[in-house]
Amino acid sequence: YLTLTVFGPVFSWLENGVLDGVKWLITLPLGIGACAAGAVYAPTVVAGVHHMYNALEASMLSADGVNTWMPIATAANVAQGAAALVLALKTKNKKLKAMALPASLSAFLGITEPAIFGVNVRYFKPFIAGMIGGAVGGLFAAVTHIGASAYGVTGIFGFLITTDYTLQYAILMVISATVAFAISWVLYKDE
């Protein structure tokens, strides 16, 4: 009874508040909010709350028919993948190399947990480099108004739902990956 009458309504209200806050954030002028959202996406993956964005994407699609969150998430995911790729290329540790390369590839396909938990958070500087790459990519996504026609997929497979923005989406991934890769390359020193 308490779940239906107290807890349910309270958590529904809180969830709607968070989603409204994120919507407001990514619409701040000059791409400032999308930049911030691109930076903090990876920490929400670490916290395990990134699935709440599905509700945000569904809300955007039902209201406007365009999902502007998905390109921001792609920027963050690809950036984490590029940061992990640096470790795969620079390390002499065979175990780390064997873990970092497939983790990086999975992030480029939209699944970042192996890159984030297996590599980037563990070495911290690549995680920060990925956050910076995600921020720059999020800014680009907002400035160029990239949108998706569905939700649930990011990374390379995101081309399937960004057909009206194919070139911009490709540039977004290149920018995010390049920034994260360069910063991670400079910051990471092999043990």
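Reader: Does Ile116 count as buried or exposed, and at what relative accessibility?

Author: This is a predicted model, in which local features need pLDDT of at least 70 and side-chain atom pairs count only at pLDDT 80 or more, while totals for chains, interfaces and linings use all residues. Residues are numbered from 1 along each chain as its sequence is written, and side-chain values use heavy atoms, with hydrogens and water left out.

Ile116 counts as buried because its relative accessibility is 1%; buried means under 20% relative accessible area, exposed means over 50%, and partly exposed lies in between, with a 1.4 Å probe and protein chains only. The residue belongs to helix 6, which covers residues 113-123, where helices are DSSP runs of H or I with at least four residues, numbered from the N terminus. Leaving out residues up to four places away in sequence, Ile116 touches Ala42, Val45, Val46, Gln80, Val121, Arg122 and Phe127, contact being heavy atoms within 4.5 Å. Ala84 lies 32 residues from Ile116 in sequence, and the two are 8.0 Å apart in space, C-alpha to C-alpha.

From here we can turn to the aromatic rings. The structure holds 6 aromatic pairs, where rings of Phe, Tyr and Trp (its six-membered ring) pair if their centres lie within 6.5 Å, and planes under 30 degrees apart count as stacked, over 60 as edge-to-face and the rest as tilted. One of them joins Tyr41 and Trp69 in a tilted arrangement, with 5.9 Å from centre to centre and 55° between the planes. This pair links distant parts of the chain, since Tyr41 is in helix 2 (residues 32-47) and Trp69 is in helix 4 (residues 69-90), 28 residues apart.

Another pair, Phe159 with Tyr169, is edge-to-face, at 4.9 Å centre to centre and 85° between the planes. Here, too, distant parts of the chain are linked: Phe159 sits in the loop between helix 7 (125-144) and helix 8 (166-187), and Tyr169 is in helix 8, 10 residues apart. The two partners can be described in turn: Phe159 counts as partly exposed because its relative accessibility is 26%, whereas Tyr169 is buried, with a relative accessible area of 0%.

Thr74 counts as buried because its relative accessibility is 0%, and, leaving aside neighbours within four places in sequence, Thr74 is in contact with Thr154, Gly155, Tyr169, Leu172 and Met173.

Tyr41 and Thr154 return in the largest pocket: of the 18 residues that line this pocket, the closest to its centre are Tyr41, His50, Gly110, Gly152 and Thr154. A pocket, on a 1 Å grid over the protein atoms alone, is an open set of points where a 1.4 Å probe fits, with protein on both sides within 12 Å along at least five of seven lines, and lining residues have an atom within 4 Å of a point. Helix 2, helix 3 (53-64) and helix 4 each supply at least two residues of the lining of the largest pocket.
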